[in-house]
Amino acid sequence: MSRPRVLVILAVMAVTLLARAAAADPRPIVLVIHGGAGVIERARMTAPKEAAFRAGLEAALAAGYAVLEQGGSSLDAVTAAVRTMEDDPQFNAGRGAVLNHEGDAELDAAIMDGNGPHAGAVASVRHVKNPIELARLVMEKSPHVLLVGDGAEEFALGQGVVLVPRSYFRTAARERELEEARAAGPERATSPPATSPPATRHVTGTGQGSMGTVGAVALDRAGNLAAATSTGGLTNKMHGRVGDSPLIGAGTFADNESCAVSGTGQGEYFIREVVAHDVCARLRYRHLTLAAAVDEVIRKLQRSGGEGGVIALDRAGNVALDFNSAGMYRGVRDSRGRHEVGMYRGEKP
Amino acid sequence: MSQAAAVHAIAIHGGAGAVPRGLLSPARERALRAGLEVALDGGYAVLDHGGSALDAVATAVRLLEDDPCFNAGHGAALTRDGAAELDAAIMDGRQMRAGAVAAVRHIKNPIELARRVMEKSRHVLLVGAGAEEFALEEQFVLVPNSYFRTAERLEQLEAEQRGQRVSDLVPPAPQGTVGAVARDALGNLAAATSTGGMTNKRPGRVGDSPIVGAGTYAKNGVCAISATGHGEYFIRAVAAHHVCAAVEYRGLTLQQAMHELLHVILPALGGDGGLIGVDRDGRLVMDFSSEGMFRGARDAAGRREIAIY
């Protein structure tokens with residue numbers, strides 16, 4: 001073979017390889033998680049705390065991504081990722097959730113399967129170890145979407161879910177935060193309407209602001225999207241207050257026709273702006289890219305005085321994460337080799 | 001079903017469902033129509049006197065809550081344990097403010113508590129005992145649960161528990177819900193919805209009515225929507241916000257957007273029901289995919305109608 005000919009063949013091979021790398025994965029698998037947005041700044045963080053948060057995010061990413069890698073569904077992946085964060089007391093969901101005015105954890109969660117779409121949610125439960133699993137049971141074993149309070153726990157018992165005492169959720173750190181919040185002023189029913197941003201008075205000793213929530217969105221090999229969100233809500237919140245997390249369209253949304261979104265932030269703003277559905281509606285009806293849709297919705301949230309962030313994922317595997325708070329605990333892992341966790345502004349992802 | 005734009009306008013519904021013609025006795029049909037007229041004219045009077053869209057929808061819904069013919073407030077459908085458990089939401093399209101309550105059992109007019117949540121709390125949605133605690137702090141007088149129970153609803157519950165379809169017996173069907181949308185002379189939009197939910201429902205079940213974006217939504221310059229029907233489907237479709245997004249982002253008319261939701265999107269999911277809406281110019285649209293919807297519309301251009309089928 002002549003030398004130029006070898007070069008041509010080598011060049012063709014190189015181009016082919018490059019093309020293959022670019023289209024590396026025509027059917028990518030992707031998992032995106034968040035562990036809450038809020039006052040997350042380097043100045044407030046210690047090295048061990050930061051390492052612990054990163055480890056917590058890595059554990060959730062690993063649990064969810066393993067499901068996808070083994071060919072599991074996006075629904076199973078988001079459940080696994082959220083359950084892992086619910087069990088981790090650092091995050092405001094499940095064990096270690098923030099405490100309401102009465103000193104109890106009062107938990108909300110939602111899950112949505114973009115293939116259907118189907119959805120399940122629970123709000124204001126106090127004895128369910130993993131609210132995301134109960135939300136999933138509501139979706140799969142009841143004709144309903146949202147069950148609240150004692151009725152939701154009655155349903156849990158009927159499904160063989162073992163209830164746990166309220167003390168299971170309580171941690172020393174959350175008790176301290178509640179005391180600080182109470183000292184700063186009682187949760188007043190007659191405080192000003194939430195058209196102006198509530199003061200960030202729930203700043204906590206753990207470096208996590210008031211807006212902790214955990215969530216995940218995933219895309220599986222079969223091309224199905226799913227979203228899940230779980231939270232303890234606000235420290236010192238009024239008993240019965242429900243935020244955006246368990247509300248389909250507000251804090252959680254997934255539809256194979258558009259995208260999957262999980263939100264975290266000042267829930268009342270997310271409810272009024274129907275944030276999660278709005279991202280997907282802009283993507284679908286205005287033909288924006290996912291990043292542009294998320295950018296618009298976060299800007300709109302900013303204009304209305306609200307604070308928080310979203311993670312979003314479309315069927316092509318495009319990922320968008322954005323927030324207008326100081327930071328957001330977050331992570332991304334996909335089959336194109338992306339594997340990142342972050343918490344501060346300016347960091348990847 | 002839409003007409004020329006009007007300065008101020010209001011539409012109401014008293015639930016959608018299986019209402020086969022001929023099943024309603026003449027006396028009952030008269031009572032239902034009279035109830036709709038009272039609510040429609042009550043809400044319209046607020047607008048006519050220069051009142052806000054928010055006051056108009058709150059007034060119309062309160063009147064429907066107080067009328068035992070409709071599934072909201074007094075005469076609400078009963079849960080499987082025989083109690084009334086009520087949900088309501090209100091939204092002000094001017095400031096995009098909203099308030100809602102769910103699973104309350106002792107609030108005479110849930111729509112008034114929803115409004116109080118909007119105006120006096122930092123929150124949007126309060127549920128269960130916590131919502132009632134807030135009501136007490138706001139000087140609401142709680143009523144016993146028996147206030148809501150009527151002989152007819154007990155009969156429906158018993159029939160349902162025997163396995164008979166409630167809708168075969170006494171209308172309004174289990175999907176009954178009440179709601180109102182309005183536009184005032186200043187162009188402000190508002191929506192309100194209130195319900196007892198499904199007959200024989202599991203305690204704690206919350207439908208679309210109190211969920212902003214699902215059963216209730218209002219945004220100035222776009223539209224205001226109140227839904228009634230099989231709530232779970234309306235939640236999954238984020239129905240009310242979906243309609244407004246289709247108007248705002250795709251430039252559909254309100255009528256087109258509502259038609260698509262009710263006759264394309266919801267049937268694909270397996271659900272049915274109805275919607276009432278008002279657009280930025282005061283055009284009222286009422287549409288449904290069920291057999292009937294108790295409804296009424298009135299505007300400053302002289303339209304005034306009450307209909308069931």
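**Exercise 1.** Across the interface of chain B and chain A, how many residue pairs are in polar contact?

*Solution.* The model is predicted, so local features need pLDDT of at least 70 and side-chain atom pairs count only at pLDDT 80 or more, whereas totals for chains, interfaces and linings use all residues. Residues are numbered from 1 along each chain as its sequence is written, and chains are lettered from A in the order in which they are written.

Take a polar contact as a pair of N or O atoms within 3.5 Å, where within protein one must be able to donate a hydrogen and the other to accept it, and where residues adjacent in sequence count only if both atoms are side-chain atoms. Under this rule, ten residue pairs across the interface of chain B and chain A qualify, both residues being at pLDDT 80 or more.

**Exercise 2.** Describe the extent of this interface.

*Solution.* Begin with contact (heavy atoms within 4.5 Å), which involves 44 residues from chain B and 49 residues from chain A. Next, consider buried area, the accessible area (1.4 Å probe) that two parts lose on being put together, summed over both: the two chains bury about 3900 Å² between them, with 64% of it on carbon and sulfur atoms. B:Arg122, B:Arg236 and B:Tyr249 supply 22% of the area that chain B buries against chain A, more than any other three residues.

**Exercise 3.** Which residues of helix α4 (residues 128-137) of chain B are buried?

*Solution.* With buried meaning under 20% relative accessible area (1.4 Å probe, protein chains only), the residues are B:Gly128, B:Gly130, B:Ala131, B:Glu132, B:Phe134 and B:Ala135.

Notes. Heavy atoms only, no water. Buried < 20%, exposed > 50% of the residue type's maximum accessible area, 1.4 Å probe, protein only. Helix = DSSP H or I, 4+ residues; strand = E, 2+ residues; numbered from the N terminus.
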